[in-house]
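Subject: Model for your files

Dear colleague,

Here is the structure I said I would pass on. My notes on it follow below.

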Amino acid sequence: MKLNALFNRSLWVYHFNSGSCNGCEIEIVATLTPRYDPERFGIKLVGSPRHADVMLVTGPVVHRMKDRLLRVYQQIPDPKLVMCIGACGISGGVFYDSYNLDGPVDEVIPVDVYVPGCPPRPEAIIHGVVKALEKLERLEGVKA
Amino acid sequence: MSGEAKKAPYRVPIGPNHPALKEPVMFTFEMEGEVVKDVDFAPGQAHRGIEWMGMRRNPVQIVHLTDRICGICGVVHSLSFSLAVEQIAGIEVPERADYIRAIVHEFERIQSHLLWAGVAAHELGFDSLLHLTWRVREEAMDVIENLTGNRVNYGIVQVGGVRRDIVPEQHPVIEKCLATYEGLLDTLLSFFLDDRTIQMRCRDVGVLSRRDALELCTVGPTARASGVNVDLRQDYPYAAYGDLDVKAILPERHLGETHGDVYDRIVVRLLEVGQSCQIIRQCLSEMPAGPVTAEEKLVKLLATCKKATGEGIGRVEAPRGECLHYVRMEGKDSPASWKVKASSYSNLMSWIPMLRGSQIADIPIIVASIDPCLSCTDRVAIVQDNRRSILSKDDLHRLSVEKTRRLQG
């Protein structure tokens, strides 16, 4: 991987909790803190979807969050990527038979990168971001 | 805000998704200038129907579901559920398992309190402290991973004991981590307590009086910071805590006075990190030899659970306060009834007296100061469409009297 070409821009992520158990949330924050420190590559968490390139979705999309998920998704400028973090967003996970789910995530919004795990390790999340980065560069037509 | 001019009080909605909130919850603030006049909140945005799902699964499966009620205090829920089921089925937990449960439980408290301290620093705008506390938190995560195999959602507790033993080779790993924290504690305390900015932002902010804390049934560090002497490990010992000497950490024992403010909540939580280190050390030295589970064969365990009838209650002192599981079994695979009362559920109401009269800038730290965990709390989907949905005790009393009169005709 050619670092310079791929990291030609910094990647800002926005985190959306769609009814998760918090396990993925703390692993996302753990990913951003000094042990792993992805901020040296310009990857950081932003508070507004309008500033974001990547949306991290955690949780199985409970009924009340579906509409908000759609609205937040529409607020992110193009080109955008969606990363689905955690088993419950991918398939429902342990919550598969709940009556209150409108998910999994890819039935509500299109998902580009899936990071499995309950919750995924910080290394797995970073790996997912790298995959997302490659896809974003491809969408923008930047040669790696 | 629409174009028409509005007079005070303004209504400021925050949430359910907001950068200052880590989890979905909807706040409505009524503001006059910078001052919060009134506040209302609507939890229930992360409701997944866990109890409903639990009543369709057997106790061995439910333990894994309880882990995922909350990612931060997973062992708390699985432990109190297991305590309830063991009580019903009459399963005797081996003593060694009790000690291992206590050790993992205390490590969870350490990581949860450090996590909270980082979030609190972040809410104050002190991001370097967030990064420092989260860096030292990783030490506890490493040990938890070493002991249980997972960083989060440990899955170590099972009905009748624990899934893994702590072998002698793991003792030095734990010992090293404890020594690190004991060495760091003074530094952390001076960072948080002697810092002028933190003192200015936290002293006498978000005050919860002892009376309010008692009336609102507040639990855990939030109650202790208001001077209420409650700690399940001291009052109703479970697991190995009966053999250990645990005293509730109260601010007046260490500072000589109780304010019941955000600062006191920081003091209580940081001192509890030190206390947890001592408890783990004591557990390690006093841990008896023996099996770690009452029944190794899951099929046999399931058969025992299936035959059981009765009700049981498991109460555990979570990092956020008392966590209660009520289970009723009626001789079937799955429980006939399962109710979870997470610690944050008891604490959420204390937001209202804390936030009333505070400044808009203090909202994030006050909201964070009770260490809310909404994924724990959202047991019931609450339909709230008008402001009257949060009722004071007087309102409830009035409504109750009205209903009685109505029923009397």
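**What follows helix H5 of chain B**

H5(B) gives way to Gly149(B), a residue with a positive phi, near 95°. Helices (H or I, at least four residues) and strands (E, at least two) are DSSP runs, numbered from the N terminus.

Before the rest, two remarks on conventions. This is a predicted model, in which local features need pLDDT of at least 70 and side-chain atom pairs count only at pLDDT 80 or more, while totals for chains, interfaces and linings use all residues. Residues are numbered from 1 along each chain as its sequence is written, and chains are lettered from A and ligands numbered from 1 in the order in which they are written.

**Helix H5 itself**

H5(B) covers residues 127–148, 22 residues in total, and spans 31 Å from its first C-alpha to its last. That is close to the expected 32 Å, which is 1.5 Å times one less than the number of residues. Its buried residues include Leu129(B), Trp134(B), Arg137(B), Met141(B) and Ile144(B). A residue is called buried if 20 or more other C-beta atoms lie within 10 Å of its own, exposed if 12 or fewer, and partly exposed in between, with C-beta atoms placed from the backbone. The buried residues of H5(B) pack against H4 (95–123) and H6 (171–193) of chain B, and also against H2 (23–32) of chain A.

**Contact between the chains**

Chain B puts 32 residues into the contact and chain A puts in 31; two residues are in contact if their C-beta atoms, placed from the backbone, lie within 7 Å. On the side of chain B, the elements that give two or more residues are H1 (50–54), H2 (59–67) and H5. H5(B) gives the most, with four residues. By type, this side of chain B has 15 nonpolar, nine polar and eight charged residues. Here Ala, Val, Leu, Ile, Met, Phe, Trp, Tyr, Cys and Pro count as nonpolar, Asp, Glu, Lys and Arg as charged, and the others, Gly among them, as polar.

**Chain B overall**

Chain B has 18 helices and eight strands. Of its 409 residues, 50% are buried. Among contacts with a separation of 6 or more, 71% join residues 24 or more positions apart.

**Two sheets in chain B**

One open sheet has three strands in the order E1-E2-E3, paired antiparallel; strands pair if DSSP finds at least two bridges between them. E1 (10–14) and E3 (35–42) are its edge strands, each pairing on one side only. E2(B), residues 26–32, pairs with E3(B) over seven bridges, and Phe29(B) stands opposite Val39(B).

Another open sheet of three strands runs E6-E7-E8, also with antiparallel pairing. Its edges are E6 (309–318) and E8 (337–341). E6(B) and E7(B), residues 321–330, are joined by ten bridges, with Thr309(B) opposite Glu330(B). H3(B), residues 74–89, lies across E6, E7 and E8 at about 150° to E6(B). Axes are lines fitted to C-alpha atoms, for helices over the stretch in contact, and angles run from 0 to 180 degrees between N-to-C directions.

**Arg233**

Arg233(B) belongs to H10(B), residues 232–235. Why does Arg233(B) count as buried? Because 24 other C-beta atoms lie within 10 Å. Leaving out residues up to four places away in sequence, Arg233(B) touches Tyr241(B), Val246(B) and Glu317(B).

Regards
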